Amino acid sequence: MRHTIVTLAAALLMTAFSTAAADAATLVPAGNRNAAQPGVPGASARRTKASNSSYERKYQKVIDLLSSDKQLIGKIKSTAGRYGIDPIHMIGAIVGEHTYNVDAYDRLQSYYVKAASYAGSSFRFGYEDETIAQFIAKPEFANCSPNSDAYRLWSCRENVWEKSFRGRKVGGKSYPDNRFSAVFFQPFYAGQTFGLGQMNPLTALMLTDMVSKTSGYEKLDENDAAAVYKAIMDPDRSLAFMAASIRKSIDDYKSIANMDISDNPGLTSTLYNVGGSTQRAGALAARNRARAAAGDGPAWPEENYYGWLVNDRIEDLKKLL
């Protein structure tokens with residue numbers, strides 16, 4: 001009972017904050033800003049070709065999964081409610097991921113089975129012979145306070161990686177010119193994401209405080225890679241991390257760019273796909289300050305190929321709910 005009360009209180013507080021922020025923010029119109037779909041990256045095309053499929057077949061497959069699984073739709077609605085978001089945002093992210101990145105399993109139970117297979121696995125986060133714990137203990141990370149919330153902490157560490165290590169030789173060791181998440185948080189192969197929400201392990205670590213506070217799940221630890229993978233593979237927990245990611249994007253655009261994107265699932269899906277909502281909202285805010293100084297109207301945030309599909313097929317997706 002106490003867990004339920006705490007969770008409900010957190011959801012109410014989050015909704016109240018979002019409502020207050022929305023009052024001051026400019027509502028971004030629904031629909032796409034681009035008349036035609038932006039180009040799909042080559043990596044997505046290669047994955048789809050390798051599976052002898054097509055985007056439309058993959059889209060229909062995930063739509064079939066969602067339309068036939070009332071249990072899953074119920075979980076999506078319940079989770080969305082805890083995080084104060086419309087469930088259509090979660091539907092959009094799931095459809096986008098399984099249309100452009102991976103094929104959907106035929107049923108929800110397959111995701112649970114796959115998650116269970118990781119529970120007893122032994123692997124770690126690191127690069128070559130250096131564990132993530134050893135890496136973030138370097139003096140370059142001294143200003144990233146462990147007392148910060150998880151999002152600020154890991155964002156700081158990611159920034160240090162970009163500025164001081166990416167593509168550089170430090171202390172006699174050469175580091176790849178690649179993303180922090182791809183180098184240190186993919187023990188199997190670079191670019192790998194998992195589960196119903198296709199969540200990246202680093203993103204999950206960033207969101208673990210919010211998910212723990214709102215959904216009551218135990219906080220994730222970078223030194224327990226198996227637990228991180230189990231969390232993002234398990235559909236119930238994966239949905240919580242998805243909702244947290246979307247909530248963070250909406251809040252970032254309201255508080256930083258003064259834009260309310262809560263009525264545009266194509267935009268939240270785009271941000272779910274590309275990440276970096278804090279930095280992207282900041283860039284949009286700077287652009288609009290410059291436009292305002294020049295006497296121009298605001299520039300709207302735009303959807304990418306993934307979000308464009310979500311907005312283009314929005315009536316199909318709404319029927320699932």
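Good morning. Of the 321 residues in the protein, 48% are buried, where buried means under 20% relative accessible area, exposed over 50%, and partly exposed in between, with a 1.4 Å probe and protein chains only. The model is a predicted one, in which local features need pLDDT of at least 70 and side-chain atom pairs count only at pLDDT 80 or more, while totals for chains, interfaces and linings use all residues. Residues are numbered from 1 along each chain as its sequence is written, and side-chain values use heavy atoms, with hydrogens and water left out.

I begin with the overall picture. The protein contains 16 helices and six strands; these are DSSP runs numbered from the N terminus, with helices (H or I) of at least four residues and strands (E) of at least two. Its accessible surface comes to about 15,000 Å², and carbon and sulfur atoms account for 50% of that. The areas come from the Shrake-Rupley method with a 1.4 Å probe, and for residues only the protein chains shown count as cover. A contact here means heavy atoms within 4.5 Å. Among contacts between residues at least 6 apart in sequence, 73% join residues at least 24 apart.

The largest nonpolar core has 79 residues, and Leu66, Phe135 and Phe184 touch the most other members. Helix H12, residues 235–255, gives the most to this core, with nine residues. By nonpolar core I mean a set of buried Ala, Val, Leu, Ile, Met, Phe, Trp, Tyr and Cys residues joined through side-chain atoms within 4.5 Å. Beyond its neighbours within four places in sequence, Phe135 is in contact with Glu130, Phe141, Trp161, Phe165, Tyr175, Phe180 and Phe184.

Helix H12 also brings us to Ala244, which lies in that helix. Ala244 is buried, its relative accessible area being 0%. Outside the four places on either side in sequence, Ala244 touches Tyr83, Leu207, Met210 and Val211. Its C-alpha atom is separated by 9.6 Å from that of Arg82, 162 residues away along the chain.

Leu207 counts as buried because its relative accessibility is 3%. Not counting residues up to four places away, Leu207 touches Tyr151, Phe241, Ala244, Ser245 and Lys248. Between Leu207 and Asp149 there are 58 residues in sequence and 9.1 Å in space, C-alpha to C-alpha.

How does H10 sit against its neighbour H11? The axes of H10 and helix H11, residues 225–233, are 10 Å apart, and the two helices pack at an angle of about 90°. H10 is therefore roughly perpendicular to H11. On the conventions, axes are lines fitted to C-alpha atoms, for helices over the stretch in contact, and angles run from 0 to 180 degrees between N-to-C directions. Angles under 35 degrees count as roughly parallel, over 145 as roughly antiparallel, 65 to 115 as roughly perpendicular, and the rest as oblique. In this contact, Pro201, Ala204 and Leu205 of H10 meet Val228, Tyr229 and Ile232 of H11. The residues of the contact divide into six nonpolar, no polar and no charged. For that division, Ala, Val, Leu, Ile, Met, Phe, Trp, Tyr, Cys and Pro count as nonpolar, Asp, Glu, Lys and Arg as charged, and the others, Gly among them, as polar.

The loop between H10 and H11 holds Tyr217. Tyr217 is partly exposed, at 27% relative accessible area. With neighbours within four places in sequence set aside, Tyr217 is in contact with Val211, Ser212, Asp236, Arg237 and Ala240. Tyr217 and Arg237 are 20 residues apart in sequence and 7.8 Å apart in space, C-alpha to C-alpha.

Two further loop residues deserve a word on backbone geometry. Most residues other than glycine have a negative phi. Glu128, in the loop between strand E2 (126–127) and strand E3 (130–131), has a positive phi near 55°. Glu128 is exposed, with a relative accessible area of 55%. Asn258, placed in the loop between H12 and strand E6 (259–260), has a positive phi of about 60°. At 36% relative accessibility, Asn258 counts as partly exposed.

Finally, consider Trp308, found in helix H15, residues 305–312. Is Trp308 buried or exposed? Trp308 is buried, since its relative accessible area is 13%. Its contacts, apart from residues up to four places away in sequence, are Asn32, Asn34, Ala35, Ala36, Gln37, Pro38 and Glu303. Thank you.
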